[in-house]
Amino acid sequence: CFVWTVGLGLAEMAARALTRLSSGLSARSQVQASHLPFIRCLNLHEHDSKGILAKYNVRVQRFKVATTAAEAKSAAEDIMTNMGAKELVLKAQILAGGRGKGTLSSGMKGGVKVTKSPQDVHDFSEKMLGYRLVTKQTPPDGVMVNKVMVAEAFDIARETYFAIVMDRSFGGPVLVGSPEGGVDIEEVAAKSPELIYKVPVDIAAGPDKDNVFELAGKLNFKGQQQEEAAKQMLNLYELFLKMDATQVEINPFGETPSGDVVCFDSKINFDDNAKYRQKDVFALEDSSETDAQEAEAAQWGLNYIRMDGNIGCLVNGAGLAMATMDIIKLHGGEPANFLDVGGSANESQITQAFKIISTDPKVKSILVNIFGGIVDCTKIAGGVIAACKETGLKLPLVVRLAGNNAEKARAMLDSSGLAIQSADLLTEAAKKAVSTL
């Protein structure tokens, strides 16, 4: 499983944690009680990930992608006949882990199959494609399988760990390696810190080849394998630099019984600020498995996550959003979403935010909570008024504005002729929103 992510930070991690933990705790307490990485991510299918690694001459399994059982069989025959593979692995391509232990709506167990027969690949594919795969990481009804990947299967003789990370303490990239791979590196660091090796890199000069070769030796690669491992480490650094990555993690970075050095599993974090120049990578994202409202919000530069409550929230700032969710719960309500419009929202974004919130059938009331530090409250008020008129909003609406031009903004709302309830304090706003239910 290749996992490629672009984190957007604590705000969305907090919101996702809130939706999954018990409702008895405050939003902030629930976040603090959870160490689960619920982060909004750029997720790429495994075959796309492998393709990018291969582009930088990192050794991965040779593979082909198929959308029909006939294509899968043809791919299997080609991989065995022309590429010399002795065994094949067939994998359902969905953006979720645990595929091997999942269940398909066709009745077949497992979204990962190993075989030596192209006909088996055909038969397994028939029971994968067009069916929903349920794993521990999918919704209860599973995810539709539209593609399968046919690849050569490798045995792993030995597992090591290799990563490239941006390390503030070193002021730049650091190569990290350990001869203990295939397990959580945090566990190795806790139990055997002497087996964690770090090599700082001058980002202007690049990695020193002798130091990289020495690191490969510390991972117990010998002879030709040491040279090959060092070469692949350098190739991974090139990927790290040219693709604006903040982390490249290969675990396991392994060796086959025949002595091949292979990247078996990978996790890459991209710098989302570099999206404008990494368009090819971000274009690979498959949004078909993403919540439709979340995908639409992202297109408008809004950070939105659907939740399970009935009070829609429109807030600027992650911390204020968390506080808003906390106080709604404190007064007996349940937040229906996390929605951060940011500090430079315009009227069109506000209008779109209202459209997104109001499309959720669970939403029975909307609370707008804006602190005008960067943003001018009159712009928010104008956006709220325009949104109400354009969408024909029928839901109860409570608006709390504070900060820059807040008094003028409240006057705009009061004179709009719309059924908007204003509030000066957040507690007052939350109580009004809950009382409308």
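What follows is a talk about labels and the values behind them.

Modeller: This is a predicted model, in which local features need pLDDT of at least 70, side-chain atom pairs count only at pLDDT 80 or more, and totals for chains, interfaces and linings use all residues. Residues are numbered from 1 along each chain as its sequence is written, and side-chain values use heavy atoms, with hydrogens and water left out.

Biologist: How many helices and strands does the protein have, and what makes a run count as one?

Modeller: The protein has 15 helices and 20 strands. Both are DSSP runs, numbered from the N terminus: a helix (H or I) needs at least four residues, a strand (E) at least two.

Biologist: What percentage of the residues counts as buried, and what does buried mean?

Modeller: Buried means under 20% relative accessible area, exposed means over 50%, and partly exposed lies in between (1.4 Å probe, protein chains only). Of the 437 residues, 49% count as buried.

Biologist: What share of the contacts joins residues at least 24 apart?

Modeller: A contact means heavy atoms within 4.5 Å. Take the contacts between residues at least 6 apart in sequence: 68% of them join residues at least 24 apart.

Biologist: Why is the pair Lys242 and Glu238 called a salt bridge?

Modeller: The rule asks for a side-chain nitrogen of Lys or Arg within 4 Å of a carboxyl oxygen of Asp or Glu. In Lys242 and Glu238 the closest N and O atoms are 2.8 Å apart, so the pair passes the rule. By this rule the protein has 18 salt bridges.

Biologist: How far apart are Lys242 and Glu238 along helix H8?

Modeller: They sit four residues apart in H8 (residues 223–242), so about one helical turn separates them. An α-helix has 3.6 residues a turn, so residues three or four places apart point the same way. Glu238 has 32% relative accessibility, so the label is partly exposed.

Biologist: Which salt bridge does Arg277 form?

Modeller: Arg277 pairs with Asp244, with the closest N and O atoms 2.8 Å apart. This pair links distant parts of the chain, 33 residues apart. Arg277 is in the loop between strand S14 (266–270) and helix H9 (279–282). Asp244 is in the loop between H8 and strand S12 (245–255).

Biologist: Buried or exposed: what are Arg277 and Asp244?

Modeller: Arg277 has a relative accessible area of 51%, so it counts as exposed. Asp244 has 15%, so Asp244 counts as buried.

Biologist: What makes Glu390 and Lys355 a salt bridge?

Modeller: Their side chains meet at 3.0 Å, N to O. Glu390 lies in helix H13 (residues 377–391) and Lys355 in helix H12 (residues 347–358), so the bridge ties together parts 35 residues apart in sequence. Glu390 is exposed because its relative accessibility is 52%. Lys355 is partly exposed because its value is 31%.

Biologist: How do you know that the span of H12 is close to the expected one?

Modeller: The expected span is 1.5 Å times one less than the number of residues. H12 has twelve residues and reaches 17 Å from its first C-alpha to its last, close to the 16 Å expected. Buried residues in H12 include Ile350, Phe354 and Ile357.

Biologist: Why is Asp340 called buried?

Modeller: Asp340 is in strand S17 (residues 337–340). Its relative accessibility is 10%, so it counts as buried. Its side chain reaches the backbone nitrogen of Gly317 at 2.7 Å. Among the residues Asp340 touches are Leu302, Val315 and Gly317.

Biologist: How many aromatic pairs are there, and what makes a pair?

Modeller: Rings of Phe, Tyr and Trp (its six-membered ring) pair if their centres lie within 6.5 Å; planes under 30 degrees apart count as stacked, over 60 as edge-to-face and the rest as tilted. The whole structure has five aromatic pairs. Phe162 and Phe253 are tilted, at 6.0 Å centre to centre and 40 degrees between the planes. Phe162 in strand S9 (residues 158–167) and Phe253 in S12 are 91 residues apart.

Biologist: What is the label for Phe221 and Phe253?

Modeller: Edge-to-face: their centres are 5.7 Å apart, with 65 degrees between the planes. Phe221 is buried because its relative accessibility is 1%. Phe253 is buried too, because its value is 0%. Ring pairs link Phe162, Phe221 and Phe253 into a cluster.

Conventions:
A polar contact is a pair of N or O atoms within 3.5 Å; within protein, one must be able to donate a hydrogen and the other to accept it, and residues adjacent in sequence count only if both atoms are side-chain atoms.
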